[in-house]
Protein chains: 4
Amino acid sequence: MANSKYEYVKAFEQPDLLLPNTWIVVRIDGRGFHKFSTKYNFEKPNDRRALDLMNAAAKAVMTELPDIVIAYGISDEYSFVFHKSCALFERRSSKLVTTIVSTFTAYYVHLWASFFPETPLSAPLPSFDGRAVHYPSVQNLRDYMSWRQVDCHINNLYNTAFWALIQIGGVDAKSAEKELSGSLAADKNEILFSRFKINYNNEPEIYKKGSVVLRDYELVEPGAAQELIDEDSLKTVDGVALSKTQEENDKKRRAKARITVQHVDIIKDEFWERRPWLLSNKPGKIPKEP
Amino acid sequence: MANSKYEYVKAFEQPDLLLPNTWIVVRIDGRGFHKFSTKYNFEKPNDRRALDLMNAAAKAVMTELPDIVIAYGISDEYSFVFHKSCALFERRSSKLVTTIVSTFTAYYVHLWASFFPETPLSAPLPSFDGRAVHYPSVQNLRDYMSWRQVDCHINNLYNTAFWALIQIGGVDAKSAEKELSGSLAADKNEILFSRFKINYNNEPEIYKKGSVVLRDYELVEPGAAQELIDEDSLKTVDGVALSKTQEENDKKRRAKARITVQHVDIIKDEFWERRPWLLSNKPGKIPKEP
Amino acid sequence: MANSKYEYVKAFEQPDLLLPNTWIVVRIDGRGFHKFSTKYNFEKPNDRRALDLMNAAAKAVMTELPDIVIAYGISDEYSFVFHKSCALFERRSSKLVTTIVSTFTAYYVHLWASFFPETPLSAPLPSFDGRAVHYPSVQNLRDYMSWRQVDCHINNLYNTAFWALIQIGGVDAKSAEKELSGSLAADKNEILFSRFKINYNNEPEIYKKGSVVLRDYELVEPGAAQELIDEDSLKTVDGVALSKTQEENDKKRRAKARITVQHVDIIKDEFWERRPWLLSNKPGKIPKEP
Amino acid sequence: MANSKYEYVKAFEQPDLLLPNTWIVVRIDGRGFHKFSTKYNFEKPNDRRALDLMNAAAKAVMTELPDIVIAYGISDEYSFVFHKSCALFERRSSKLVTTIVSTFTAYYVHLWASFFPETPLSAPLPSFDGRAVHYPSVQNLRDYMSWRQVDCHINNLYNTAFWALIQIGGVDAKSAEKELSGSLAADKNEILFSRFKINYNNEPEIYKKGSVVLRDYELVEPGAAQELIDEDSLKTVDGVALSKTQEENDKKRRAKARITVQHVDIIKDEFWERRPWLLSNKPGKIPKEP
C-alpha cells in the first residue's frame with residue numbers, strides 16, 4: 001500500500017525560517033505557575049529551591065544545545081539566546097522553540113525530586129510555553145536582556161516589600177497592595193528599611209539580579225578586547241574564512257567549557273566587554289581548574 | 001526604575017495566529033529516539049511499554065486541553081487535532097505547539113518509572129519537537145489522519161518482517177534490509193507467513209493501526225447522523241447561535257467524558273460517521289457506566 | 001567576475017505561499033482617492049465615468065489573468081477572487097498581489113483618456129495598494145463578498161442622502177453630516193423621498209449594487225446544478241482525475257468566454273446557484289452569440 | 001442594514017509587518033519583458049529610451065515616497081531601499097510593495113509616450129511584480145546592492161558580446177550563445193576588442209553600472225564623516241533624542257532635495273562614505289544651485 005494518495009497534505013506545512021543574521025531569543029514561561037507555586041507551597045517572595053531547579057534545567061538545556069550562547073532566568077521564565085550566525089535546524093522557529101521547551105520541561109520534571117524531595121509532583125504537572133523572537137542588532141539584543149533584568153529588579157523590589165508587609169507587618173494582601181500602589185523604588189526601599197530593618201541592597205544577588213547561564217571562559221581585561229563585534233559574521237560563516245575544521249574545533253572547545261550560573265549585572269557594557277565570546281561566538285580560553 | 005527605555009524590544013515579537021476556520025494539527029516527534037530506544041533497550045519491532053507510555057502522555061495532554069478533539073499516535077510521534085472553530089490562545093501557533101510539547105514531555109518523563117520501573121531515566125532525557133499545520137477542509141484533515149495511519153501500516157509491516165528475519169531468521173541487518181528492498185506488501189506478508197508462520201493479520205491492533213485517543217461518547221448508528229458537518233461553524237460561533245451558556249455546558253460535558261485509547265481504522269467513513277462529535281465539536285452522549 | 005560572493009543575500013528572501021485549498025481574495029484600493037477625486041472633479045455622490053474606468057481596468061485584469069474567477073468593485077476598490085485550487089505563481093502572495101495591482105494600474109492610467117478625455121492626468125498619478133486574504137470555506141468567501149456588497153449599499157445610501165442635502169437641499173457639509181448622524185436606513189430613504197422626491201430604489205443598479213465582473217456562460221436553472229461543490233477539489237487536481245488535456249481545454253474555454261460586468265445581488269444563493277462555474281472552477285457553456 | 005453579520009471575515013486578514021530595525025528592499029521586475037521588448041522593438045543589447053523611462057518612473061516613485069533612501073535599477077528591474085528606521089505604513093509588507101509597484105507602473109505607462117512617441121502602448125500593457133526583502137545589517141544591505149551591480153556588469157558584458165557577434169559578426173543567436181558559453185570576462189573583452197574593435201571600458205556608464213537614484217546632497221570628503229552609522233537608530237527614533245520638530249525638518253529638507261540619477265560604482269566604500277545621509281537617514285546639505 002503506497003502512501004502517495006494522502007501525501008499531498010504535506011504541502012500544507014508552511015516554512016517558518018527565522019531571518020538570517022539576527023539574534024534569536026527563545027523565551028519560555030511557566031504555565032499557570034501562580035497556582036502551581038501555591039500547590040507546592042513555594043516560599044514568598046522567592047523560593048530558592050524553585051529558582052535552583054529552574055537554573056538546573058536551564059544548564060541542562062545549554063549543555064544539550066551548544067548553539068545557545070547565553071541564557072537568563074527570572075522567576076518562572078527563561079530566555080535562551082542563539083547567536084545571529086546560528087544555523088541550527090536551519091533556523092526553523094517551531095523546531096528551535098519546541099526543542100528548548102521540551103528539553104527544559106523534561107529536566108524540570110526529572111530534577112524536581114532533587115530540589116523538592118518531600119513534595120512529589122502530581123497532575124497537573126508543571127509545563128512551559130515559549131516563543132522565538134529575533135533581533136537584528138547587538139544593541140537590540142542587549143536591550144532585550146536589559147529589559148528582562150530591569151523587570152527582575154522591579155518585580156523583586158515590589159515583591160520583597162509586599163511580602164514584608166504581610167509576613168512581618170501582619171497586614172493582609174489587599175492593604176499591602178494598596179500601600180505600594182503608586183510608590184516609587186525609593187519609597188519601597190524606605191518601607192523595607194524603616195519599618196522592617198531590611199536593607200534591600202543586602203538581599204541575595206540571585207533575587208535582585210536573576211540568573212545568567214554561560215560558558216565559563218577566562219574573563220578578558222576591560223578594554224583589551226580589541227576586535228569589534230563585526231556586523232557581518234554571517235558572510236564570514238558563509239564564506240571561506242571559517243573553515244570546517246575551525247568550526248569543529250570551536251564546537252569541541254564549547255563542549256569542554258564548564259557551564260556556570262551567575263547573578264550579575266548584564267546591563268552595563270562591562271559584562272559584555274569582559275566576555276567577548278558571547279557576541280563574537282568564538283570560544284574563549286578555558287580557565288585552568290584550580 | 002521604570003522599564004520604558006527597553007520596552008521597545010517587545011515590538012520585535014511577531015504575531016503567529018493560525019488562519020481562522022481551519023483544522024489545526026500539532027504533530028510532535030521524539031528527538032533522537034532511535035538512539036534513545038537503543039539506550040533503554042526497547043523491544044523490536046515494537047515495545048509495548050514505550051507505546052503505552054506515549055499513549056498515557058497523550059491522554060494526559062487531552063485531559064489538560066479539552067479543546068483537543070482527537071489525537072493519533074504511532075511509534076514516537078503523536079498528532080493532536082484542534083477543531084476548526086478552536087479559539088484557544090487566540091490560535092497563536094507557538095503557544096499551541098509549545099503547550100502541547102511541554103505537557104506531553106512532562107508526563108512522558110513523570111510516568112516513565114511506571115512503565116519502565118527497572119531502567120531509570122538519565123541525561124540526555126527524552127524530548128520532543130513539534131509543529132502546527134492547518135487544514136482548510138474536513139477532507140484535508142481526514143487525509144492527514146489517513147496519511148499517518150497508512151504510514152503506521154507500511155512501517156509496521158516492514159519492521160515486523162525486518163525483525164523476524166533477524167530475530168527468528170538469524171540474518172544480519174544488512175541482509176534483512178537487502179531482502180526487503182523493493183518488496184511489496186504481499187511479499188512481506190508471504191515472507192512472514194511462509195518462513196516464520198506469522199500471519200500479519202493476527203498481529204496486535206495497536207501495532208497495525210496505531211493509537212487513537214478520543215472522548216468516549218456513545219457511538220451513533222451509521223447513517224443516523226442526519227446533520228451534515230456545516231462548512232461554517234465559525235460563523236455560528238462568532239454569531240448569536242452558540243450562547244455563552246451553551247459553550248459552558250459543552251465544556252463541562254467534554255470534561256466529564258472518559259478519554260479512551262483505541263486501535264481502530266480511522267481511514268474509512270464509518271469511524272467518523274459513528275462519532276459525529278469529532279467533526280461537529282458538539283459533545284456526544286456520555287454512555288452509562290456499566 | 002563571478003557573483004557568488006554576494007549571492008548569499010538571496011537567503012533573506014522569505015517564502016510567502018498562501019495555504020493550499022483556500023479561496024484567495026486580492027483587494028486593491030485607490031491611494032488617496034478622496035483628494036484625487038477632488039482634483040479631477042468627480043461627480044458626487046457617484047461619478048459614472050470613474051466607475052466605468054474602474055470596471056474597464058478590472059475587465060482587463062481578468063482577461064490577462066484567466067485564473068481569476070470573479071471580481072467585485074465598489075467606489076475605488078476592487079476584489080479579485082482566485083479559486084481555492086488556483087496554483088498561479090505557486091500561490092506566492094506578493095506575486096499575486098503585485099501582478100494584479102500593477103496590471104490594474106496600467107490599464108487605469110492607459111484608459112483614463114478614454115473616460116476623461118478633457119482632463120489629462122498629471123502628477124501625482126493615481127495608484128492603488130492591495131493585499132491578499134485567504135478564506136478556507138465557500139461560506140467564508142461568500143460572506144466576504146456579501147460584506148463588500150452590504151458596504152456598497154450602506155455607503156451609497158448615505159452618500160446619496162448626504163449629497164442630496166447639499167446639492168438640492170442647499171445645506172453645508174457639516175449640517176448634512178449632523179442630520180444623517182445616527183440615522184437608520186429607513187430615515188435616509190425617508191429624507192430622500194419626502195424632501196427631494198428621490199425614490200432610492202430607482203437609483204441606478206451600478207450605484208446600489210456595485211459591479212460584478214465574470215465570464216459570461218449560460219445561466220443554469222435554479223436547482224438544476226445537481227453537483228455539490230466538492231470540499232476537496234485540491235485532491236482532484238493533484239490526483240489523477242483532472243488530466244492535463246482537461247486542464248488545457250478548460251483554459252481555452254475560459255479564454256473564449258466573454259467577460260461581462262453586471263450590477264446584481266451577489267448575497268443571495270441564487271446568484272451562485274445559477275452560475276455553478278464560479279465555485280466549481282469548471283467552465284460553463286458559452287452562449288450562442290445572438 | 002448593519003454590516004456586522006459579515007464583518008467577521010476581517011479576522012482572516014493576517015498581519016505582515018516587517019521586522020523593525022531592518023533595511024527594507026522592494027525589488028520590482030518587468031513581467032514578460034522579453035516578449036514586451038520584442039513587441040516594441042527595443043534596441044539590443046540596451047535600449048536607451050527604455051532605460052530612461054525606467055529611471056524616470058523610479059524618480060517619480062522616490063519623489064512621491066520620501067522615505068525611500070536610494071534606488072538602483074538595471075534592465076527591467078528596480079530596487080527601492082527604505083531605511084531601517086522607516087515606519088511608513090507601519091512597515092506592512094504588502095502595503096509597501098504594492099504602493100511602489102503601482103506608482104512605478106502608473107508613471108511607466110503615463111510617461112511611455114514621452115520616450116516612445118512613435119509606438120503607442122496597446123494591450124497587453126507593461127506591468128511589474130515585486131517583493132519586499134529585509135536585511136538586518138548595513139553590510140547585508142550593501143552586499144545586496146553589490147549583488148545587483150555585479151549582476152548588471154555580468155549581464156551587460158555578456159549581452160554586449162552576444163549582440164556584437166550577431167549584429168556585427170553576422171552569426172546567428174545559437175552560434176553566438178555557443179561561442180560565449182563558458183567564457184570568462186577576459187575572453188568576452190577580448191572578443192569585443194580583437195574582433196569588433198570595441199573597448200568595453202568605453203561603453204556608456206549607464207549600461208555598465210546601472211542607474212542609482214538618490215537625493216542630491218553635497219558630497220562629503222572621504223574620511224570626514226566622523227560619526228559611525230549607529231547600530232541602533234531605532235532606539236533613537238523611539239526615544240527622546242529625535243524630536244517631532246526634528247523629524248518634520250528632516251522631511252522638509254528631504255522634499256527639497258533634487259533627485260538625481262547617476263551611473264556610478266556602489267560597491268566600493270567610497271560611494272557610501274561620501275554620502276553619509278544614505279545610511280544615517282539624516283538629510284545632507286543641499287548644494288547651492290549653480
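The model is predicted.

Chains A and B are related by symmetry. Chain B superposes on chain A by a rotation of 180 degrees, with 0.0 Å of shift along the axis and an RMSD of 0.0 Å. The two copies are therefore related as by a two-fold rotation axis. The same surface serves both copies, and 98% of the contact residues of chain B recur in chain A.

In this interface, 56 residues of chain B are in contact with 55 residues of chain A. About 4800 Å² is buried between the two chains. Carbon and sulfur atoms give 60% of that area. Six salt bridges cross the interface. One pairs the side chains of A:Glu13 and B:Arg131, at 3.3 Å from N to O.

On the side of chain B that touches chain A, helix H3 (93–115), strand S4 (128–135) and helix H4 (138–167) each supply at least two residues. H3(B) gives the most, with 13 residues. By class, this side of chain B has 28 nonpolar, 16 polar and 12 charged residues.

In chain D, Glu77 lies in strand S3 (residues 77–82). D:Glu77 counts as buried because its relative accessibility is 8%, under the 20% cut-off. Its side chain makes a polar contact with the side chain of D:Arg148, at 2.7 Å. Beyond four places in sequence, D:Glu77 touches D:Arg27, D:Ile28, D:Asp29, D:Met54, D:Tyr72 and D:Arg148.

Key: Residues numbered from 1 in each chain as written. Chains lettered and ligands numbered in written order. Predicted model: local features only at pLDDT ≥ 70, side-chain atom pairs only at ≥ 80, totals over all residues. Heavy atoms only, no water. Helix = DSSP H or I, 4+ residues; strand = E, 2+ residues; numbered from the N terminus. Buried < 20%, exposed > 50% of the residue type's maximum accessible area, 1.4 Å probe, protein only. Polar contact = N/O pair within 3.5 Å; in protein donor to acceptor, adjacent residues only side chain to side chain. Contact = heavy atoms within 4.5 Å. Least-squares fit on C-alpha atoms with pLDDT ≥ 70 in both. Buried area = accessible area lost by both parts, 1.4 Å probe. Salt bridge = Lys/Arg side-chain N within 4 Å of Asp/Glu carboxyl O. Nonpolar A, V, L, I, M, F, W, Y, C, P; charged D, E, K, R; others polar.
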